[in-house]
Amino acid sequence: MQSLQKPMDFKKNILLSFKWILICSLIGLFSGSASAFFLMSLEWATHIRNHNIWLIWFLPVGGLLIGLLYHYYGKDVVKGNNLLLEEYENPQKTIPLKMAPFVLLGTIITHLFGGSAGREGTAVQMGGAIADQFSRIFKLDATDRKTLLILGISSGFAAVFGTPLAGAIFALEVVYFCKISLKSCILSFIVAYFAHYTVGLWPVHHTHYSIPLIPELNLENLLWVIPVSALFGLAAMLFSRSTHFWGRLFSKTISYPPLRPYTGGIIFAVVVYYFGATKFIGLGVHSIVEAFSIPSNNYDFLLKILFTGFTLGAGFKGGEVTPLFFVGATLGSALSGYVPLPIALLAGMGFVAVFSGATHTPIACTIMGIELFGIESAVFIALACFIAYISSGSVGIYHSQTVGGVKHQLYEKFKRNKLDDF
């Protein structure tokens with residue numbers, strides 16, 4: 001009897017493995033293609049805007065269109081990335097597929113007319129919405145739905161940034177590692193590479209960054225990393241709190257949601273046009289690349305925090321990660337005038353460290369830094385990411401994220417001691 005049972009179990013495991021590889025390939029194909037189309041559309045919108053800066057005056061109209069679209073047809077997907085995290089934590093119902101075209105359209109409108117936003121949120125939401133549809137097709141239970149959501153996040157992130165290892169780990173880390181099954185871990189890497197190679201089939205090119213000079217790993221240099229990385233963590237905290245502040249302010253002062261991005265668009269357009277602040281609209285990739293070789297202004301990172309927080313808080317669509325790259329790279333670049341470390345290294349450290357602090361994902365950000373800048377910078381990158389993660393506070397850019405581990409314990413202990421002292 002046992003001899004019969006073993007072949008049956010083996011056959012069942014083979015079929016189950018084949019099913020999940022098929023699911024990964026389909027998610028990677030559709031999510032990767034959606035991200036590739038999004039990146040090409042975003043490049044088109046950025047090109048048009050850069051050559052027609054007067055389009056900034058249409059930002060209020062674009063904001064009104066986004067507001068009306070989500071208010072009347074997209075209330076069930078307006079939470080964006082937070083909806084993915086909530087569904088992972090407590091699976092209720094399949095994420096509507098309309099999340100993908102809604103956030104795609106909203107993000108393109110935001111960038112075309114000059115809003116300050118990123119792209120990660122859009123790709124992750126598209127990936128999550130696409131992946132969750134397979135729960136119906138394959139009749140998956142709540143536990144397997146959690147795996148699907150991880151696969152959606154992984155594929156979207158890997159596709160949009162061209163960093164499959166970081167994408168896979170980000171998807172696992174952002175939903176809190178301790179709750180992840182071994183199956184989800186393996187599949188996250190598989191789908192990330194499917195999505196990454198799918199994007200490679202499209203005429204899409206990712207931005208390349210480099211750190212040409214890595215200093216010696218001595219005590220003096222490593223001691224400089226500590227205060228610099230703590231500043232990156234504080235910048236991440238300021239970014240997160242800024243976005244939440246503007247969101248609360250618009251919600252309290254304007255009761256009709258479609259008027260929030262409309263009003264915000266008017267204010268934003270006037271400020272950008274009359275103060276000549278076009279450097280801080282859109283993704284800001286040119287400024288990020290420039291920061292690796294030319295010292296940035298001391299205030300550039302602060303203005304990007306202000307402009308992005310205002311844009312997203314008003315209700316425009318897009319991600320936060322590329323603006324976080326901008327904040328970190330320009331802050332690191334500006335610090336090169338005060339810190340005896342190479343400018344490219346400081347910009348690269350800030351690039352990933354601010355992202356680490358704002359998303360509570362130091363491992364993924366360390367891997368991303370290695371993928372982007374090379375293994376030679378690994379020690380500096382890892383220290384920056386973990387110190388920024390610890391020093392960035394307990395509030396990140398995602399309301400619904402579960403924060404655990406050492407950081408959670410440290411901040412909980414700090415809060416208890418503060419209450420005891422009081």
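Some ground rules. The model is predicted, so local features need pLDDT of at least 70 and side-chain atom pairs count only at pLDDT 80 or more, while totals for chains, interfaces and linings use all residues. Residues are numbered from 1 along each chain as its sequence is written, and side-chain values use heavy atoms, with hydrogens and water left out.

Let's start with the core. A nonpolar core here is a set of buried Ala, Val, Leu, Ile, Met, Phe, Trp, Tyr and Cys residues joined through side-chain atoms within 4.5 Å. Buried means under 20% relative accessible area, exposed means over 50%, and partly exposed is in between, with a 1.4 Å probe and protein chains only. The largest core has 122 residues. Phe292 and Phe351 touch the most other members. Helix H15, residues 343-359, supplies the largest share of this core, 11 residues. Helices are DSSP runs of H or I with at least four residues, numbered from the N terminus.

Which residues does Phe292 touch, beyond its neighbours within four places in sequence? Contact means heavy atoms within 4.5 Å. The partners are Tyr209, Ser210, Ile211, Ala329, Ile343, Ala344, Ala347, Gly348, Phe351 and Phe373. In general, nonpolar side chains tend to be buried together in soluble globular proteins.

H14 runs over residues 321-335. All 15 of its 15 residues are buried. The expected span of a helix is 1.5 Å times one less than its number of residues. For the 15 residues of H14 that gives 21 Å, and the end C-alpha atoms are 21 Å apart, so the two agree.

Now the pockets. The search uses a 1 Å grid over the protein atoms alone. A pocket is an open set of points with protein on both sides within 12 Å along at least five of seven lines. A cavity is a set of points where a 1.4 Å probe fits but cannot get out. Lining residues have an atom within 4 Å of a point. Points are joined across faces, edges and corners, and a volume is the space filled by probe spheres set on the points.

The largest pocket has a volume of about 930 Å³. It is lined by 38 residues, and Val78, Lys79, Leu312, Gly315 and Lys317 lie nearest its centre. Elements giving two or more residues to this lining include H2, H3 and helix H13 (300-314). H10 gives the largest share, 6 residues. By class, the lining has 14 nonpolar, 17 polar and 7 charged residues. For the classes, Ala, Val, Leu, Ile, Met, Phe, Trp, Tyr, Cys and Pro count as nonpolar, Asp, Glu, Lys and Arg as charged, and the others, Gly among them, as polar.

Stay with Val78. It sits in the loop between helix H2 (59-73) and helix H3 (81-89). Is Val78 buried, partly exposed or exposed? Its relative accessibility is 41%, so Val78 counts as partly exposed. Leaving out residues up to four places away in sequence, Val78 touches Tyr70 and Lys317. Val78 and Pro261 are 183 residues apart in sequence and 13 Å apart in space, C-alpha to C-alpha.

The second largest pocket has a volume of about 690 Å³. Of its 31 lining residues, Thr46, Arg119, Leu283, Val285 and His286 lie nearest the centre. H1 gives the most to this lining, with 8 residues. The classes here are 16 nonpolar, 11 polar and 4 charged.

On to cavities. There are 2 of 30 Å³ or more. The largest cavity has a volume of about 60 Å³. Its lining includes Asn81, Glu120, Phe170 and Tyr398. H3 provides the largest share, 3 residues. The lining has 7 nonpolar, 1 polar and 1 charged residues.

Last, two backbone points. Lys139 is not a glycine, yet its phi is positive, about 55°. Lys139 lies in the loop between helix H6 (134-137) and H7. Its relative accessible area is 73%, so Lys139 is exposed. His360 has a positive phi too, near 60°. His360 lies in the loop between H15 and H16. Its relative accessible area is 6%, so His360 is buried.
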